[in-house]
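Dear colleague,

Please find below the structure I am handing over to you. My notes on its charged residues follow.

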Amino acid sequence: MPRFATLAVILLLLGGCAQKKACIVDPDHDREYTTALEYKDFREIAAKVNDELLRNAWRLQPGAVLAIGTVINDTCCHFSTDLVTDKITEALTNSRKISVSSAVAPPRAGTEQLLRALRSIRGDTEFNPAAIPGTGTLAAPDLALSGKIIQRNIRRDNGGLQIEYHYLFTLINLHTGLQLCQPSGVIVKAITQDRPAW
């Protein structure tokens, strides 16, 4: 085989290997999309829920405390809904219009267990009693936010598949039980019939 032909084959093989290497994706400039929910979708859901909550903040008393309840993942995608609720918590905390409670919340990163553990050592002489919170110091929530993310698969006229991810959240006043707002929306993705969905 001529030398230049051998070199060409080696370059093609190396080029093929190079294309299969993993790479770092810049989240701010990523234009690729997936059929499953991904980080761009989680950001979009959290941003839209936050916009709706903050638009309704005028209906809340100053210093309102929010507890984030359960958000159910009713899709075939395996992900923790903390990917959405953590972004909601961060934005609300930064807004300084609504405080978010970790004292009354579903079990998550262990924050609520630490709150309880700290209070369980009252009376233990090994600890400085002045450094341990007294009774009646936890802020009870005034509001609760819960939600659900639902998936629907629909066959399109062209034989492709349309995948809808509906997100439905509800904000209620815990004192009255009244619903204050219901942030909701849908993320729609579609693929042609010749491509696998997952």
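Is Asp30 buried or exposed, and what is its relative accessibility? In this predicted model, Asp30 counts as buried because its relative accessibility is 12%, and buried means under 20%. Asp30 lies in the loop that runs between helix 1 (3-19) and helix 2 (39-55).

The side chain of Asp30 has two polar partners to report. One is the backbone nitrogen of Glu32, reached at 3.0 Å; another is the side chain of Lys40, with which Asp30 makes a polar contact at 3.0 Å. If neighbours within four places in sequence are set aside, Asp30 is in contact with Val25, Tyr39 and Lys40.

The pairing of Lys40 with Asp30 is also a salt bridge, with 3.0 Å between the closest N and O atoms. This pair links distant parts of the chain, since Lys40 belongs to helix 2 and Asp30 to the loop between helix 1 and helix 2, 10 residues apart. Lys40 is buried as well, its relative accessible area being 14%.

Lys40 forms a salt bridge with Glu38 too, where the closest N and O atoms are 2.9 Å apart; both of these residues are buried.

The salt bridges number seven. Among them is the one in which the side chains of Glu52 and Arg55 meet at 2.6 Å, N to O. Glu52 and Arg55 are separated by about one helical turn, because they are three residues apart in helix 2. Glu52 is partly exposed at 22% relative accessible area, whereas Arg55 is exposed at 53%.

With kind regards

Terms used. Residues are numbered from 1 along each chain as its sequence is written. This is a predicted model: local features need pLDDT of at least 70, side-chain atom pairs count only at pLDDT 80 or more; totals for chains, interfaces and linings use all residues. Side-chain values use heavy atoms; hydrogens and water are left out. Helices (H or I, at least four residues) and strands (E, at least two) are DSSP runs, numbered from the N terminus. Buried means under 20% relative accessible area, exposed over 50%, partly exposed in between (1.4 Å probe, protein chains only). A polar contact is a pair of N or O atoms within 3.5 Å; within protein, one must be able to donate a hydrogen and the other to accept it, and residues adjacent in sequence count only if both atoms are side-chain atoms. Contact means heavy atoms within 4.5 Å. A salt bridge is a side-chain nitrogen of Lys or Arg within 4 Å of a carboxyl oxygen of Asp or Glu.
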